[in-house]
Amino acid sequence: MTSRIPRDSRLRLVRPRPLAAAPRAMTQRRPHRAAPRPPEGTPARSELAGMARSGLAGAARVARWADTALGPGRGSATTDGKATLSDTTAEHAARELGLTVDRVRADWDTARLAGLVEVHGDTARPGWRLRAWDRDDSAVLRGWVALFDAWSLAHPEPPGQEPSAVAEVVSAMPQVLSFLQLSAGPVPVTQLLDLLGQRVTELRTERCEVPYGPRLEPGPPAPRAPEEEPAPPPGAADAPLDPLLDWALHALVSVGALTCGDGQATLTPLGSWAVWVKLEQICVAAQSPAGNIEQGAEDMLRGCAQLRPNAARAEYRAWLAARPVGSAVTELLAAARGEDALLRGLAFDALRVVGAPAEPDVRSVLDEPTLRPYALLWLAEYDGDDPEDAHHVLTRREATWLWVDTAAAVADHGEAPLLVRHLEAAVQPTVPALLDEVRAVGHPRTVQVLVALAAAHPDPALAKAVRRAAFQVHTGGN
């Protein structure tokens, strides 16, 4: 009796994209949400990227020099393991680039803030944005926005200012920038000072706390000689806002977000576009039916599973903007450790939006079998590999484990035809080889995945073989 099982039938090989397959296919029938258009007169993204490249040309030049001149065994890059260039390295760069030492240090700081250079201990290495600098407009714009977000670090605050007052001005500047963006033209600095004062007052009022618990009736004050009356200590409430606003405007000028002159301030095209993008992210999150910006990581990811990739990334950015990066990354990794394989893939998609700050945490999970394949792909893309080719960093066993995990996500959340098409993402050339390696990899969802695949596949012979494999895994037989 001849078996009808196609033991040598070859799968059509395609470039596997297991992380993106499930959420994209599950949403492919949903109506497309039109992307919001920037305000009229905003230059095209290619023009904005050209402006960013021009403004960051000095930083990119120093970053490329560091890429070739620095590294393990080639001398120290920084001082005492910090991100500041050592004197020797700064002088070396100044000689080779024909710049002053101060100019080199300034460009180095800009390169770090824009993600063109990453410092690890006493060595430096190029950031992923530097590798994509000449070919990827999105990478350039993200680098410039990273610098824009760090404007308060790009220019030192005036000496002698209260740290709390500086912090209040930094917290109030988004409203000032929003006003500038909505004004779409020059605004008198005096008007900005009034607005800054109003916002700082609001922040102080929001922080006002009413003490709880029983109150003791105050006794009569003890007599005090006039000369013993202490002078009230200067605080943030007494700090004049004029020099702090001047500092903030000059810092924003230094990163290319503003121009100032004749007592007026105007957003540059890049600055206006960046403020608009951030306002749109907040609006998208606020209009989300699930209210994703206020949810924990797991609920946010479930809400984003219903969105198309671009809309989901916008949700990730808004969610991340509303909380400290460290706690956000911790939440995302906790969601990835759960039983839902779809949330695992989406969590690492959100970590791609986080970028460099997530790298140490992603590396720390390489020893966790459940997260290792996702972490390896994340790190490969972070190091500059094309997402289409990043799967080459996985061993055959890791790729098979990831295939099963993605199939579990499809079985739980997708449609039967998608599970059948998922066979094309397998690295094994034949169905029997795939089944053998799937059985050996030990994924906890193997039985459920094989049963679902057998029920979905239209080929009776192949479905029988898959059911047999599921039974063998279930019983522990061969």
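**View 1. Helices α2 and α7 lie oblique to each other in this predicted model.** Oblique denotes the angles left over when those under 35 degrees count as roughly parallel, over 145 as roughly antiparallel and 65 to 115 as roughly perpendicular. Helix α2 (residues 45–55) packs against helix α7 (residues 137–149) at about 55°, and their axes are 9 Å apart. Axes are lines fitted to C-alpha atoms, for helices over the stretch in contact, with angles from 0 to 180 degrees between N-to-C directions. Helices (H or I, at least four residues) and strands (E, at least two) are DSSP runs, numbered from the N terminus.

**View 2. Residues at the contact of α2 with α7.** Helix α2 contributes R45, S46, L48, A49, A52 and R53, while α7 contributes D137, S138, V140, L141 and W144 (contact: heavy atoms within 4.5 Å).

**View 3. An open sheet of three strands in the order β3-β5-β4.** The pairing is antiparallel, where two strands pair if DSSP finds at least two bridges between them. Strands β3 (187–188) and β4 (258–261) are at the edges with a single partner strand each, so one side of each lacks a neighbour in the sheet. Two bridges join β3 to β5 (residues 264–267), and V187 has A265 of β5 as its bridge partner.

**View 4. Helix α9 packs on the sheet.** Helix α9 (residues 163–183) touches β3, β4 and β5, and its direction makes about 80° with that of β5.

Residues are numbered from 1 along each chain as its sequence is written, and side-chain values use heavy atoms, without hydrogens and water. Local features need pLDDT of at least 70 and side-chain atom pairs pLDDT 80 or more, whereas totals for chains, interfaces and linings use all residues.
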